[in-house]
Amino acid sequence: MRAATILALLLFVPLAAAAAERTPFTIGYLEIADDARYAEVRSYAGLKLKTRHRPYAGAEAALRESRVIGRALGLDLKLLRTVAATPATLAAAVRDRRDETGARFFVVDADAAALLALADVLRDDGVLLFNISEPADRLRRADCRAGLMHVIPSRAMLSDAMAQYLAAQNWHRVLVLRGPLPDDTALADAFARSATKFGLRIVAAKPFVLSNDPRERGRNNVRLLTADPAHDVVFLADSDGEFGRYVPYQTHQPRPVVGTEGLIASAWHWAWERHGAPQLNQRFEKLAGREMVDADWAAWAAVRLIVEALTRTGSTEFEALSAYLKGDALTFDAYKGNPASFRPWNNQLRQPLLLHTHNAVAERAPLDGFLHRTDILDTLGVDRPESDCRL
Amino acid sequence: MYGTRFRRAVSAAARVGAARFLGGQAVLFCAFALATAPARAEPTGRIYVTNEKSSTITVLDGRSDTAVDEFATCARPRGIHFNLDRTRFFVGCADDNVIAVYEVATAKLVQRIRKMEEPETFDLSPDGRYLVVSNEEDATATKVNVETGRIEGEAELGEEPEGVLFTRDGRTVYVASEAANLVHVINFEDMEVRADVFVGTRPRRFALTPDEKELWVSAELAGEVDIIDTASNKLIGDILFLPPGFRREQVTPVDLLITRDGTTAYVALGRANHVAVVDVARRAILEYILVGKRPWGLALTRDESRLYVANGLSDDISIIDTKSRRVLKSVPVGMVPYGILIDD
């Protein structure tokens with residue numbers, strides 16, 4: 001408890017204040033009704049490959065676990081969920097909630113385009129937005145915004161975590177299989193950048209197509225795709241998953257598959273069992289009736305970050321809280337070990353990441369041996385010297 | 001590696017079964033009995049270690065410091081404590097929602113206190129009649145009557161309550177809440193929370209100085225021990241740990257002990273793989289002792305000549321000679337050792 005925070009800690013709070021006398025403090029939560037990312041996608045024959053749930057339960061879990069902190073602070077903490085019909089009505093929703101309740105901090109579950117538009121419209125509205133579900137690198141680079149904080153890791157961070165793992169395993173020669181979707185390109189591009197950063201060699205980056213056409217066999221047959229050149233590991237960039245699920249065990253050589261199948265880099269996983277994670281996972285499962293995934297964790301973390309700022313500043317003023325969140329005194333317990341804090345150069349939450357299979361966490365990044373001159377967490381993602389974000 | 005461990009645990013369990021059947025165990029352990037203290041059971045010289053991942057208890061012979069037994073217990077055993085006359089010990093099992101009570105002399109299960117919500121750690125009231133248990137999942141601390149197993153009081157706390165410590169007069173009990181960064185000061189009689197004190201990130205365990213004027217609290221993610229003045233419930237100091245060659249985020253203190261004379265504190269530094277030795281009066285770090293991987297649990301022998309350290313991620317116990325501050329030996333135990341109980 002260093003000098004900067006000692007004031008807040010000297011607070012000794014009598015418990016006489018009943019809930020009724022507590023000052024209300026509202027945190028906003030926004031989502032979009034027709035968000036395409038949550039549309040149910042059925043694969044052939046009615047199989048459901050991916051079911052994405054709205055991460056609101058994560059925010060709810062965080063609020064629940066903050067009730068006693070509220071008691072100690074004399075605050076009545078509230079979470080206000082607003083479902084906007086379209087991205088275009090998000091900004092109006094923020095202004096309404098702010099005017100009704102005084103809320104200045106908003107957890108936003110939206111994609112890159114919606115987040116960017118929202119941050120631009122609200123630039124001078126004195127609110128702070130928390131991105132909990134969009135990994136796009138451009139939001140941390142050229143399209144960064146001062147009023148937009150990123151709790152969810154960027155693609156660059158996730159692919160750096162994977163590249164560290166491959167380098168640590170001495171799997172230096174990588175064959176990349178890349179799908180046709182924009183997200184596949186983004187994944188492959190991020191990985192290419194990470195490969196250069198950590199000294200991996202991409203021996204080939206081959207596009208694949210989902211098809212049975214024999215004339216396309218060079219692009220749809222996994223054995224042919226993986227026959228050459230010689231490689232140690234296959235990196236799969238397949239955001240859809242329909243092709244990718246048939247890649248493991250079907251390669252020409254016995255080679256592990258990583259990326260979007262096999263070993264995957266994530267912000268969170270239900271099998272993570274260190275740093276208090278089992279307790280958080282159990283609390284979340286009890287509340288939501290399902291396992292916690294990345295966006296749930298980010299929604300949880302966003303609310304807990306705001307509560308942490310309330311605790312450490314002893315203030316409810318927007319400026320004081322924002323300054324604390326963006327400052328270097330923040331040591332946020334992300335339940336992943338190293339204390340997390342926001343990078344001042346692009347508002348990204350620096351945090352450890354998990355490399356996991358379907359049922360186990362193989363490693364936590366940054367891996368041992370990857371060093372950094374100030375904070376090893378900054379070995380993941382865009383570091384200050386190469387940042388092109390101008391806040 | 002896991003395979004080997006499980007096989008070892010199984011064969012150990014089989015051996016115990018045979019020994020118990022032959023009645024050989026009691027004879028075996030009588031041989032280790034040391035001098036008797038008044039109003040206390042004859043010490044067996046055994047050391048019990050809870051292994052939270054293998055759900056077993058390892059038994060070490062304190063004279064030779066070798067593992068002599070490992071037996072299955074309830075699921076995810078963590079906190080371990082004697083009763084007042086040291087004839088029994090309690091083990092909190094979070095995954096079974098139970099506190100198991102064992103007889104010290106025979107290591108036989110004699111009672112199960114059920115319907116505990118995820119018990120993690122606990123402390124015995126000075127009169128020996130109650131346990132105050134931190135219920136990790138429930139965000140409460142419960143007052144449990146040891147004899148009847150009934151819950152007679154409950155306090156609503158921050159998330160993930162962890163360390164529990166009674167004052168000597170039994171009037172006050174301190175409970176740390178890991179996720180809320182709070183130390184709760186609880187009036188034991190009616191389990192009313194008297195004060196919530198904010199401390200460093202992720203508070204874990206406590207130690208009181210012998211005069212009970214200072215409460216020391218480890219703050220795991222802050223990498224420090226915070227010191228609370230017990231009269232005013234205010235933070236009056238802190239000690240930041242940083243063994244040479246480590247970065248701040250690698251230092252995650254958990255368990256801590258203060259010697260009976262109040263001069264020295266030992267702090268297990270978790271990810272930094274060291275135990276810190278602290279001069280209590282000066283709040284100065286005297287030395288860092290290298291131990292196994294991620295040390296958490298600590299226990300001192302009665303004469304305070306040996307410090308036992310549970311290394312959660314190397315599945316072993318380091319045994320430190322407190323005079324020379326050197327590790328004498330490390331002994332493999334079960335998976336993820338947590339708590340240590342020394343019957344000497």
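This is a predicted model: local features need pLDDT of at least 70, side-chain atom pairs count only at pLDDT 80 or more; totals for chains, interfaces and linings use all residues.

Where chain A and chain B meet, 41 residues of chain A are in contact with 43 residues of chain B. Between them, the two chains bury about 3600 Å².

**Where the chains meet**

- Carbon and sulfur atoms account for 46% of the area buried between chain A and chain B.
- There are six salt bridges between chain A and chain B, and the interface also has 16 residue pairs in polar contact (both at pLDDT 80 or more).
- On the side of chain A that touches chain B, β1 (12-13), α3 (67-73), α10 (277-288) and α11 (294-313) each supply at least two residues.
- That side of chain A is made up of 16 nonpolar, 10 polar and 15 charged residues.

- In general, side chains of opposite charge can pair when their charged atoms come close.
- Take B:Glu160 and A:Arg283, whose side chains form a salt bridge at 2.8 Å, N to O. B:Glu160 sits in the loop between β11 (151-156) and β12 (161-166) of chain B, while A:Arg283 is in helix α10 of chain A. Both B:Glu160 and A:Arg283 are buried.
- A:Asp333 and B:Arg202 make another salt bridge, at 2.4 Å, N to O. This pair runs from the loop between α12 and β14 of chain A to the loop between β15 (192-198) and β16 (203-208) of chain B.
- A:Asp333 counts as buried because its relative accessible area is 8%, and B:Arg202 is buried too, at 2%.
- A:Arg71 pairs with B:Asp196 in a salt bridge, and their closest N and O atoms are 3.2 Å apart.

**A salt bridge inside chain A**

- Over all chains, the whole structure has 52 salt bridges.
- One that stays within chain A joins A:Asp378 and A:Arg343, at 2.7 Å, N to O. These two lie 35 residues apart, with A:Asp378 in the segment after β17 (361-365) and A:Arg343 in the loop between β14 and β15 (349-350).
- A:Asp378 is buried, with a relative accessible area of 3%, and A:Arg343 is buried with 1%.

**Nonpolar cores**

- The largest nonpolar core has 59 residues, and A:Phe105, A:Phe130, A:Val151, A:Trp297 and A:Trp300 touch the most other members. α11(A) gives this core its largest share, 12 residues.
- Leaving out residues up to four places away in sequence, A:Trp297 has several contacts, including A:Val151, A:Trp268, A:Leu280, A:Met292 and A:Leu349.

**Two buried residues to look up**

- Where is A:Ala340? A:Ala340 is in the loop between α12 (318-326) and β14 (341-342) of chain A, and is buried at 0% relative accessible area.
- The C-alpha atoms of A:Ala340 and A:Arg350 are 5.5 Å apart, although 10 residues separate the two along the chain. Beyond four places in sequence, residues that A:Ala340 touches include A:Phe332, A:Leu349 and A:Arg350.
- Over in chain B, B:Glu214 belongs to strand β17 (residues 214-219). B:Glu214 counts as buried because its relative accessibility is 17%, under the 20% cut-off.
- The side chain of B:Glu214 makes polar contacts with the side chains of B:Trp216, at 3.0 Å, and B:Arg283, also at 3.0 Å.

How values were computed: Residues are numbered from 1 along each chain as its sequence is written. Chains are lettered from A and ligands numbered from 1 in the order in which they are written. Side-chain values use heavy atoms; hydrogens and water are left out. Contact means heavy atoms within 4.5 Å. Buried area is the accessible area (1.4 Å probe) that two parts lose on being put together, summed over both. A salt bridge is a side-chain nitrogen of Lys or Arg within 4 Å of a carboxyl oxygen of Asp or Glu. A polar contact is a pair of N or O atoms within 3.5 Å; within protein, one must be able to donate a hydrogen and the other to accept it, and residues adjacent in sequence count only if both atoms are side-chain atoms. Helices (H or I, at least four residues) and strands (E, at least two) are DSSP runs, numbered from the N terminus. Ala, Val, Leu, Ile, Met, Phe, Trp, Tyr, Cys and Pro count as nonpolar, Asp, Glu, Lys and Arg as charged, and the others, Gly among them, as polar. A nonpolar core is a set of buried Ala, Val, Leu, Ile, Met, Phe, Trp, Tyr and Cys residues joined through side-chain atoms within 4.5 Å. Buried means under 20% relative accessible area, exposed over 50%, partly exposed in between (1.4 Å probe, protein chains only).
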